[in-house]
2 protein chains.
Amino acid sequence: MKLTDAKAQFISSWGAFGTHWGINRTMAQIHALLLISPDPITQDDIMEQLSISRGNVNMNTRDLIDWGLVERVLIPGERKEFFTAEKDIWKVATQIIKERKKRELDPMLKLLSQLEQIEGDKKDKDVKQFVDTIAGIRKFGGQADKVLDVMIKADENWFLGSLLKFFK
Amino acid sequence: MKLTDAKAQFISSWGAFGTHWGINRTMAQIHALLLISPDPITQDDIMEQLSISRGNVNMNTRDLIDWGLVERVLIPGERKEFFTAEKDIWKVATQIIKERKKRELDPMLKLLSQLEQIEGDKKDKDVKQFVDTIAGIRKFGGQADKVLDVMIKADENWFLGSLLKFFK
DNA sequence: ATATATTTTCAATAAATTTTGAAAATTCAA
DNA sequence: TTGAATTTTCAAAATTTATTGAAAATATAT
């Protein structure tokens with residue numbers, strides 16, 4: 001297989017993969033393109049390589065920047081803006097976990113603790129099942145939250161850091 | 001807050017939450033409804049409680065069954081089919097991990113190992129970045145694969161099982 | 001066997017999401 | 001400043017995805 005084909009296949013698959021993870025297809029494709037580009041590239045490069053409009057590139061690169069996965073690079077002497085992606089996959093994963101935790105897990109846990117304080121007779125079958133379910137999810141979510149915090153902070157901790165070297 | 005409101009809010013939020021995880025909104029809502037229902041319920045119950053059509057209920061309950069999160073229950077003397085969801089959140093999470101690994105991670109890893117064997121000069125900057133990126137993702141994915149396998153099998157292992165009791 | 005209840009399928013429709021592209025805003029050099 | 005290059009915005013269009021509902025298939029009781 002040649003580089004051109006392999007690139008195309010990687011970008012396409014990474015895009016499809018992204019949709020399973022709540023990420024928009026184009027955003028994932030732009031990310032894929034940036035991951036395999038050794039040097040920073042411009043909006044026009046992205047438009048051309050992925051055959052998508054300027055507006056689309058603009059919106060999705062902005063989202064990628066919000067996610068902390070991509071950054072703008074200013075190249076001296078160049079008028080245009082350039083974009084580049086973090087290449088260390090561990091950092092990419094950590095960043096995604098951090099963001100999703102903040103955007104999804106934390107708000108859900110907050111909601112669950114509200115729902116747990118429901119008025120009603122605990123003897124009632126429906127009330128009991130509701131409270132038990134909410135409590136179960138909240139407990140599990142709370143543990144997941146802690147585990148993820150440890151992962152996110154692992155790089156800052158020498159012991160965990162060295163433990164994780166085995167995985168890197 | 002009263003049970004009725006709390007239920008409605010849980011179902012709605014769980015549905016929205018699901019969309020971030022590659023799961024269809026209605027499927028997640030039906031799952032939520034079943035999680036808080038102490039006894040098995042019918043297609044008609046689901047239709048009524050969520051105000052959705054029969055066909056929609058049918059398709060989504062089937063998907064939930066395919067995911068191994070819901071099962072059909074036959075109640076003696078009843079003509080209709082009943083549905084019930086696994087209530088142990090740890091088992092639910094394990095089952096989701098198992099399915100997503102099979103559906104998403106495993107195929108991606110297979111593709112990546114193909115893409116790594118690209119023809120081309122490793123001295124070329126583009127080739128090098130491509131190979132490095134693919135190798136990095138594959139290595140990370142491979143480790144994730146192992147970690148998830150351990151989690152999935154944890155319940156079958158007395159040592160890990162007792163370790164995990166702390167999280168349950 | 002026949003009638004009746006129940007479930008399943010799937011083409012048509014509706015809803016949600018993504019993409020476009022041109023106008024407006026911004027940036028920067030001279 | 002002015003004007004060209006570049007980026008951003010956003011309403012309209014295109015596309016994708018989800019939902020409906022009625023017909024077909026299946027299951028069950030008499």
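**Before you start**

The model is predicted, so local features need pLDDT of at least 70 and side-chain atom pairs count only at pLDDT 80 or more, while totals for chains, interfaces and linings use all residues. Residues are numbered from 1 along each chain as its sequence is written, chains are lettered from A and ligands numbered from 1 in the order in which they are written, and side-chain values use heavy atoms, leaving out hydrogens and water.

**Stop 1: chains A and B together**

Colour the two chains separately and look at where they meet. Contact here means heavy atoms within 4.5 Å; 47 residues of chain A and 48 residues of chain B take part. About 4500 Å² is buried between chain A and chain B, and carbon and sulfur atoms give 73% of that. Buried area is the accessible area (1.4 Å probe) that two parts lose on being put together, summed over both. Now select M1(A), L3(A) and F140(A): in chain A they lose the most area to chain B, together 12% of what that side buries.

Next, show K125(A) and D39(B). They form a salt bridge, with the closest N and O atoms 2.5 Å apart. The count of salt bridges between the two chains is 2, the term meaning a side-chain nitrogen of Lys or Arg within 4 Å of a carboxyl oxygen of Asp or Glu.

Which elements of chain A give two or more residues to the side that touches chain B? Select helix 1 (3-19), helix 5 (89-116) and helix 6 (125-153) to see them. Helices are DSSP runs (H or I, at least four residues), numbered from the N terminus. Helix 6 of chain A has the largest share of this side, 13 residues.

**Stop 2: helix 2 of chain A**

Move to residues 25-35 of chain A. Of the 11 residues of this helix, 10 are buried, so helix 2 is largely enclosed by the rest of the structure. Buried means under 20% relative accessible area (1.4 Å probe, protein chains only). Among the buried residues are M27(A), I30(A) and L34(A). At the N-terminal end, N24(A) caps the helix, with a side-chain oxygen 2.9 Å from the backbone nitrogen of T26(A).

**Stop 3: DNA strand C**

Show the 18 residues that surround DNA strand C; the closest are T26(A), S53(A), N58(B), R62(B) and E81(B). A residue is near a strand if one of its heavy atoms lies within 4 Å of it. N56(A) places a polar side-chain atom 3.2 Å from a phosphate oxygen of DNA strand C. For a base, turn to R79(A): an N or O atom in its side chain is 3.1 Å from a base oxygen of DNA strand C. Helix 4 of chain B supplies the largest share of this surface, 5 residues.

**Stop 4: DNA strand D**

Finally, select N58(A), R62(A), E81(A), T26(B) and S53(B), which come nearest of the 18 residues around DNA strand D.

Note on methods:
Buried means under 20% relative accessible area, exposed over 50%, partly exposed in between (1.4 Å probe, protein chains only). A polar contact is a pair of N or O atoms within 3.5 Å; within protein, one must be able to donate a hydrogen and the other to accept it, and residues adjacent in sequence count only if both atoms are side-chain atoms.
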